[in-house]
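Student: Hi! Could you walk me through the charged pairs in this one?
Tutor: Happy to, let's have a look.
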Amino acid sequence: RTDIVQFVRDPHKGMPLQAVLLVLLIGAFFAARRVLKKRPAGDENEAVLIGIFDRPYAAAFFTVWFFATRYGSPTPPMIQELFTVLAFIATLRLLQPVIRAEFMPGIYGLGVLYVVDTLRGVLAGALVVEPLLLILEGLGGIFLIGWLLIARKEAIAAVKQVSARQPVVVMVIRCVLIYLAVGVAAGAIGHIRVARLIMSGTLTAGVLALALWAAVRVFGGAMAVILRLWPLRRLRMVQNHRDLLVKRVYRFLAAMAVLGWTLRLFERLGFLDPIQAFGSGILVLKLERGSISISVGDVMAFLAAVGVSYLLSAFIRFTLKEEVYTRARTPSGTAYASSRLIHYSVLALGFVIGLGLLGMDLAKVSVLAGALGVGIGFGLQGVVNNFVSGLILLFERPVHVGDAVEVSGLYGEVRHIGIRAS
């Protein structure tokens with residue numbers, strides 16, 4: 001009651017912002033549903049994603065819950081617990097079209113157990129029967145998993161994503177079954193902290209997995225709708241590769257969901273701060289050899305800079321190919337040469353930035369690179385010759401991709417101009 005009153009009266013706790021966000025999202029989701037009625041979905045995956053707009057109220061409330069329970073949210077903890085229980089209903093509404101009907105009773109049972117565990121966690125200091133509740137939660141979880149393994153064995157095998165990995169899935173389910181049995185035994189012999197950790201952790205993991213699955217559908221569907229709106233729908237890379245873009249976004253969201261599931265679960269169980277402290281200690285760990293001192297964090301920053309430069313280069317080249325070269329009617333040879341030069345330039349820039357993040361003095365690096373260049377020039381004259389020749393071909397463009405050439409009586413077509421060989 002105190003948290004509710006504080007949440008309502010204190011605007012700094014986030015209630016006004018969340019109320020406004022809920023109203024705006026309901027309006028936006030209804031508008032998106034009207035747009036989708038005029039423009040039907042493309043492939044089956046996109047149709048599944050945009051199906052969430054058939055339930056605008058559930059999608060809007062779920063998104064507000066996702067915002068209100070984020071890491072560092074000012075919303076009081078008890079209100080977050082209440083939001084999570086209510087959001088589970090919205091989660092079931094959003095996932096109902098993609099979950100087989102045979103599994104829904106088990107999902108409802110998981111929700112009931114989670115509500116009981118939430119109430120037990122809130123009233124833990126005032127409950128004399130807490131050990132009994134923990135044992136009942138564990139027995140309920142064991143019953144649900146046993147029912148899933150026995151009564152729904154054929155339904156599990158019929159799921160496409162599971163059928164290829166059915167032995168692994170069954171093994172994981174059995175490990176969870178054993179884990180819950182250990183929790184029941186711990187509660188029975190009086191190890192309440194162990195029982196709390198096992199029961200709360202297992203139920204939270206299940207509910208979070210469902211919630212983040214719904215989050216992937218909501219945000220993936222929102223991205224699919226955004227790609228249909230002006231001015232993005234006028235872009236040629238959207239017109240030609242919209243299904244591919246939606247799949248890439250979906251995969252990215254799925255990866256972020258797995259990461260978020262891990263972080264949120266650790267946060268809920270109280271493991272996040274120790275893991276962060278341990279990770280910080282690993283990152284500042286230094287490898288010193290003479291005057292060279294490099295930390296693990298510096299190496300990670302170097303690898304991240306190189307990886308980001310590669311992704312940035314791929315995105316720039318994709319955008320130029322779809323939006324610039326086709327509209328400007330650039331010859332294929334010129335387009336290829338420009339893309340290759342941009343690729344090498346962005347990679348070189350990322351490498352230099354990575355060396356700076358690595359803590360190296362770029363002035364010393366340039367001297368070292370000059371000395372190495374002389375040595376490599378003498379030792380690998382053929383490779384360096386080919387390298388320079390590739391640059392000359394790309395800059396001067398005496399031949400283009402697609403040209404027919406004759407060399408010493410051999411006829412051929414130029415298909416690829418590389419930096420080392422063509």
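Student: Is Arg100 buried, partly exposed or exposed?
Tutor: Arg100 counts as partly exposed, because its relative accessibility is 34%. Buried means under 20% relative accessible area, exposed means over 50%, and partly exposed is in between (1.4 Å probe, protein chains only). Keep in mind that this is a predicted model, where local features need pLDDT of at least 70, side-chain atom pairs count only at pLDDT 80 or more, and totals for chains, interfaces and linings use all residues. Residues are numbered from 1 along each chain as its sequence is written, and side-chain values use heavy atoms, with hydrogens and water left out.

Student: Which side chain does Arg100 meet in a salt bridge?
Tutor: That of Glu102, at 3.4 Å from N to O. A salt bridge is a side-chain nitrogen of Lys or Arg within 4 Å of a carboxyl oxygen of Asp or Glu. Glu102 is partly exposed too, at 30%.

Student: How many salt bridges does the structure hold?
Tutor: It holds 6.

Student: What about Asp117, which residue is its partner?
Tutor: Asp117 pairs with Arg120, their closest N and O atoms being 2.9 Å apart. Both lie in helix H6 (residues 104-122), 3 residues apart, about one turn of the helix. Helices are DSSP runs of H or I, at least four residues, numbered from the N terminus. Asp117 is buried at 3%, and Arg120 is buried at 3%.

Student: And which residues are linked in a network?
Tutor: Asp117, Arg120, Glu130, Glu137 and Arg196 are linked by salt bridges.

How values were computed: Helices (H or I, at least four residues) and strands (E, at least two) are DSSP runs, numbered from the N terminus.
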